[in-house]
Amino acid sequence: MRVGLFVTCLVDAMRPRIGFATIKLLESAGCEVVFPEQQTCCGQPGFNSGDKDSAKSLALKFIAEFEMFDYVVVPSGSCAGMIKVHYPELFQDNPSLFARFTALSQRTFELTDFLVRIVKIEKVPGSFQGSITYHDSCSGLRQLDVYKQPRQLLATMTDVTVNEMIESTTCCGFGGTFSVKYGELSTRMADNKCQHITDTHADAIVGGDLGCLLNIEGRLRRTGDLKTRVLHVAEILSGSAQEE
Amino acid sequence: MQNNSVNFKRQVTVKLADVRLQNALSRLQSRFVGGRAAVISEISDFEETRVAAAAIRDRALNDLEHWLLQFEQQATARGAVIHWAETGEDVNRIVVEIAALHGVRTAAKSKSMVSEECGLNDALEKAGVQVTETDLGEYILQLGHEAPSHIVAPVVHKNKEEIADLFAEHHQKPRKTGIAELCLEARETLRPIFLNADMGISGGNFVIAETGSVLIVTNEGNGRLVTTLPRVHVAITGIEKVVPTLEDVTTLLRLLPRSATGQSITNYISLLTGTKGSTDHDGPAHFHIILLDNGRSSILDSDMQKMLRCIRCGACMNHCPVYQNIGGHAYGWVYPGPMGSILTPLLGGLESSPDLPNASTLCGACGAVCPVKIPLPDLLRKLREKQMERGMKTQRETFMLKAWAWMALHPKIYALITKIGVRLMGLMGGKDKLLHSLPGASGWTDGRDFPAPSGRTFRDLYQQGKHS
């Protein structure tokens, strides 16, 4: 199967190794992975800030670049949610575009969801020695029902122990532009999350959305925790976190 | 009540630093979030019941005028008097007129958020009617001249010690510290007020078109006393609270207490129908029902109509990570949390609450627990769209959004700018690979570092790999 990789703007700029980890996972599952090089941003910052017009333009750009693939895979629950849930909503008043976006939506998946439900992999290529705790990012969890999938994949890795934190499904306070506009509030929410992470004594905090991970890492480091590793689930599953 | 939601941001700073408030809020989650989770598992068809409840509310709202007129007809036939109030001032005027008509000097009141919208107590005091709140939480707030901070647990921001101080000051009795003792003291103080009140004032969780009844859901028993003992009963509620049939209400009642307080059912469900009949032992001789619009009809038939489904359970605020950290007062008006962040701008004007629709991460916890399936995150986002359409965003924000979108629509320029930007940020990161400040993003860096990028974009590295 041909899979179009939408790497997301954050991974592209901030943590390219998550993109390579994603390719490794998809290829080991037998997918042919294509990275359309014109891709940029899914339009979520504008969409969530009330700029519907920009979101629509970027949705149209996206469909032109990704419609030809069997599947579209995204290493982020929030960008996948934008494409799966909100793109069709944006074109509700245009029947032909609505139909195309709905079809695209049905072929678009968050990475761990794709690995578990579509390619149904039983083994992951990587290994990681240590304990981790998992943060469930909001959009993946509540829009796409991603909760068991990453845990199921992590459970196949013999050297990984998962120490669940309390309130793993509570928002970390990132919220895109919210994190800058309401910095004080966002920081407090991150603080609560960091406390729950620290309480698990895990070697690494792992999640499926880079935005949340940057927020958590930023607060951990500012408060003097230079030790706890902050990793995307693809980095664990692919083994790239172990190789470092 | 005065709308102070324009001060939201300043209030956030104050509330985050308020240690006593933070302690009080930390108890909210286990009590309400844990309580709800435990009790919804009792019914196997909870999700189906939510769908049915949403449909019941929609049926009422889609034909609101019809059901309201039927309610008026049925209630009038059973001896009640219906009053239609366009604004909060109209409610106050009507209640003062009713008080004058029946020679009322004292009133006992059970909890009503709609009366908070109107600022009814002040209006009654001005007209010379002595009014006492009899819901324990509201009574405490009345003593302390405070506003409620939660629609179900109005005094959730206060601790036992503060309440003990207030009672000692106002009751002129030795200071008590045990919760049971404090409750007993409140009961003893309130008992003569119930017995002597000329008028009882209540809210209404639902009004039922089929029977002309007002239904109230309470735990303390004060609601039953104020609606049956005094010779005059005034019930005040919003026009959207009408429900077609008694059968409909039973479905909603499976959800309301469970979602609100984590109870299978509240201690009291009072169905108040008509005036005292010749064979009845109790009940008011005069029953007035005031139905308030106060902007609700402008939401009807709009893209925000689903907000009117709200049955005021408070589950959205209990589960909201923003509310959990700042409490209800920061929101500046009667209704806090996610439902308040939508209702306040809708009822009081988007211009007076510029922050409320934006002060949410859109995490979706509210929408996931709403018993009548209001898509709260979508409605918050719709309000942001309205702010954008009406030019209410700051020039800076609009520029940033448009510039980002323009860049993202031009892949070559985008690739170049991100390549340079990421290189610079990588260098700025230094040895610890952290940015301690970022121009234009102090909101982030005041409390957090920004993890520095590696210096190359994925696109760049991918292309290089392909060509080597």
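Trainee: What makes H16 and H18 of chain B a crossing pair?

Mentor: This is a predicted model. In it, the axes of H16(B), residues 337-348, and H18(B), residues 376-389, come within 10 Å. They cross at roughly 35°. Two packed helices are described by the angle between their axes and the distance between the axes.

Trainee: Why is the crossing of H16(B) and H18(B) called left-handed?

Mentor: The label left-handed is used if the near helix is turned anticlockwise from the far one by less than a right angle. H16(B) passes H18(B) in that left-handed sense.

Trainee: Which residues of H16(B) and H18(B) meet?

Mentor: From H16(B) come Pro338(B), Met339(B), Ser341(B), Ile342(B) and Pro345(B). They meet Leu376(B), Leu379(B), Leu380(B) and Leu383(B) of H18(B).

Trainee: What share of chain B counts as buried?

Mentor: A residue needs 20 or more other C-beta atoms within 10 Å of its own to be buried. Of the 468 residues of chain B, 48% count as buried. The C-alpha trace of chain B spans about 95 × 55 × 45 Å along its principal axes. Chain B has 22 helices and 12 strands.

Trainee: What part of the contacts in chain B joins residues 24 or more positions apart?

Mentor: Take the contacts in chain B with a separation of 6 or more. Residues 24 or more positions apart account for 75% of them.

Trainee: Now the chain pair. How many residues of chain A are in contact with chain B?

Mentor: Contact asks for C-beta atoms within 7 Å. By that test, 50 residues of chain A are in contact with 47 residues of chain B. The helices of chain A that each supply at least two residues to this side include H1 (9-14), H4 (52-66) and H12 (210-222). By class, the side of chain A that touches chain B has 19 nonpolar, 18 polar and 13 charged residues.

Trainee: Which domains does chain A have, and how do they touch?

Mentor: The domain assignment gives domain 1 (2-118) and domain 2 (130-243). Their C-alpha centres lie 22 Å apart. In chain A, 30 residues of domain 1 are in contact with 24 residues of domain 2. H2(A) gives the most to the domain 1 side, with seven residues. That side has 14 nonpolar, 10 polar and six charged residues.

Terms used:
Residues are numbered from 1 along each chain as its sequence is written. Chains are lettered from A and ligands numbered from 1 in the order in which they are written. This is a predicted model: local features need pLDDT of at least 70, side-chain atom pairs count only at pLDDT 80 or more; totals for chains, interfaces and linings use all residues. Two residues are in contact if their C-beta atoms, placed from the backbone, lie within 7 Å. Helices (H or I, at least four residues) and strands (E, at least two) are DSSP runs, numbered from the N terminus. Ala, Val, Leu, Ile, Met, Phe, Trp, Tyr, Cys and Pro count as nonpolar, Asp, Glu, Lys and Arg as charged, and the others, Gly among them, as polar. Domain bounds come from an automatic or database domain assignment. A residue is buried if 20 or more other C-beta atoms lie within 10 Å of its own, exposed if 12 or fewer, and partly exposed in between; C-beta atoms are placed from the backbone. Axes are lines fitted to C-alpha atoms, for helices over the stretch in contact, and angles run from 0 to 180 degrees between N-to-C directions.
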